[in-house]
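Colleague: Thanks for making time to go through this model with me. Shall we take it one residue or feature at a time?

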Amino acid sequence: MPLWKRNLFVCWFGLFVSGVGMSQIAPVLPLFIKQLGVEDASSIAQYSGIAFGVTYMISAVFSPVWGLAADKYGRKPMLLRASLGMALIVGCMGFAPNVHVLIGLRLLQGIITGYGTACTTLIATQTDQEHSGWALGTLSTASIAGSLLGPTIGGLISESFGMQNVFFITGALFLVAFITTLLFVTESFERREQKVLTLKELWRQTPEKSLTMTLFATFLILTVALYSIEPIITVYITHLSDNLSHVALIAGLTFSASGLANIIAAPRLGKLSDKIGAHKVMLGALIAAGIIFIPQAFVSSPWQLMGLRFLLGLTVAGLLPSVHILIKKITPPALAGRVFGFSMSAGYLGVFAGSVLGGQVAGWFGARYVFLVTSALLLLNAVWVYFRVYTIMSSPKETAS
């Protein structure tokens, strides 16, 4: 097996576990906070929002820091640091004596993350141009599937083994990711003693500044779209469903539908990107995703929503890998870690902003309008991508390069 492919499979598992670890707390968080002694319903909601959001906000700040460390010291050390740190911190959450300790551990979780940044940089820099689309497409399925399946996995573990065991089992999976990374990931990295670039110097050495910023903004909007329904999905399904006893299960399956479709489609769309260009796949997938959000506002049953979420997962599979492929294409290898770190920051901010946007729109206008607003965001982004990415990447100069 080629070295890049072996690294890809190990990183896929670790990134999937990382995605699960970041999101699995969502369905059990309010119940766990109540178990920790918070009785008031409004206080539970407030603490839940803080505990869920703080991880992503802090991750957005520290992701570029770990990207810089990956460029300086190598990507494998960052994988080992993040996986072992997450194993310890997530495992300790099961022993939290009160809600304040839990929030503190969630904050530490946001600081120690960086597995996704190191994985993406490692695979992007070690995979040849011919296979980069397929490799990054396959890798993207791990984080997306982990994030979307995490709430379902957390709910199932909680129901079967108890809430504390959600944290213990996830911590054990992180430990397995640490061991497999230690044993099987190989990196040919030559450390260079060089001055650490300031943000201003980094920006000066970035060749395609406008295109890079457009790709960051697109990545942010995509994650906003993915997570905008997270705060309202259970309420929306309650409105659609006559059988209220299985709402949690149906909500979990609805999340899982997008993740399953993504796993199926991302490697194939990655190969298509290698053949026709990632910019073409990205534009087509953006338009399709924007259109698919519209009928979700008018469904009459949870199963219709589930089918549309599956179709949405097929389109999303062509979006996030395309962003990473294009970033790799226009970024010098020496800057890849920090640039991918900023890209991951945009993604983490998108998770937080999507959750806030979905909750606020649903509160002011109703749950159905969340889908319409998200559709408008994606279609507007498609127009922007057409003029700022598609036309540039389709020019004879870019084609020749």
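Modeller: Happy to, and please keep in mind that this is a predicted model. Let's start with Ser258, which has a relative accessible area of 5%. Buried means under 20%, so with 5% Ser258 counts as buried.

Colleague: Good start. Which helix holds Ser258?

Modeller: Ser258 sits within residues 247-276. That stretch is helix H12.

Colleague: And which backbone oxygen does the side chain of Ser258 reach?

Modeller: Leaving out residues up to four places away in sequence, Ser258 touches Leu148, Arg309 and Gly313. The side chain of Ser258 comes to 2.9 Å from a backbone oxygen, and that oxygen belongs to Arg309.

Colleague: Let's turn to Ser256 in helix H12. Is Ser256 buried or exposed?

Modeller: The relative accessible area of Ser256 is 14%. The cut-off for buried is under 20%, so at 14% Ser256 is buried.

Colleague: Which residues is Ser256 in contact with, apart from its neighbours within four places in sequence?

Modeller: Ser258, also in helix H12, has Leu148 among its contacts. Leu148 turns up for Ser256 as well, and the list for Ser256 reads Leu148, Leu149 and Thr152.

Colleague: How far apart in space are Ser256 and Ser241?

Modeller: In sequence, 15 residues separate Ser256 and Ser241. From C-alpha to C-alpha, their distance in space is 18 Å.

Colleague: On to the aromatic residues. How many aromatic pairs are there, and is the pair of Phe293 and Phe371 stacked, edge-to-face or tilted?

Modeller: The count comes to nine aromatic pairs. For Phe293 and Phe371, the ring centres are 6.5 Å apart and the planes meet at 40°. Planes under 30 degrees apart count as stacked and over 60 as edge-to-face, so at 40° this pair is tilted.

Colleague: How many residues apart in sequence are the parts that this pair ties together?

Modeller: Phe293 belongs to helix H13 (residues 278-296), while Phe371 belongs to helix H17 (residues 368-393). Both Phe293 and Phe371 are buried.

Colleague: Which residues do ring pairs link into a cluster?

Modeller: Phe293 and Phe371 belong to this cluster, and a tyrosine joins them. The cluster is Tyr236, Phe293 and Phe371.

Colleague: What about Tyr386 and Tyr390: about how many helical turns separate them?

Modeller: Tyr386 and Tyr390 form a stacked pair, 5.5 Å centre to centre with 20° between the planes. Tyr386 is partly exposed at 37% relative accessible area, and Tyr390 is partly exposed at 24%. They are four residues apart in helix H17, so the separation is about one helical turn.

Colleague: Now the surface. Which helix gives the largest share of the nonpolar patch?

Modeller: The patch covers about 630 Å² and is made by Leu84, Leu88, Leu175, Ile179, Leu182, Leu183 and Phe184. Helix H4 (75-93) and helix H8 (163-184) are the elements that each give two or more residues. The largest share, five residues, comes from H8.

Colleague: One more: how far apart in space are Ser59 and Gln164?

Modeller: Ser59 lies in helix H3 (residues 41-73) and is buried, with a relative accessible area of 1%. Ser59 and Gln164 are 105 residues apart in sequence, and their C-alpha to C-alpha distance is 24 Å.

Definitions and conventions:
Residues are numbered from 1 along each chain as its sequence is written. This is a predicted model: local features need pLDDT of at least 70, side-chain atom pairs count only at pLDDT 80 or more; totals for chains, interfaces and linings use all residues. Side-chain values use heavy atoms; hydrogens and water are left out. Patches are made of residues with over 30% relative accessible area and no salt bridge: like charges are joined within 9 Å, nonpolar side chains (Val, Leu, Ile, Met, Phe, Trp, Tyr) within 5 Å. Accessible areas come from the Shrake-Rupley method with a 1.4 Å probe; for residues, only the protein chains shown count as cover. A salt bridge is a side-chain nitrogen of Lys or Arg within 4 Å of a carboxyl oxygen of Asp or Glu. Buried means under 20% relative accessible area, exposed over 50%, partly exposed in between (1.4 Å probe, protein chains only). A polar contact is a pair of N or O atoms within 3.5 Å; within protein, one must be able to donate a hydrogen and the other to accept it, and residues adjacent in sequence count only if both atoms are side-chain atoms. Contact means heavy atoms within 4.5 Å. Rings of Phe, Tyr and Trp (its six-membered ring) pair if their centres lie within 6.5 Å; planes under 30 degrees apart count as stacked, over 60 as edge-to-face and the rest as tilted.
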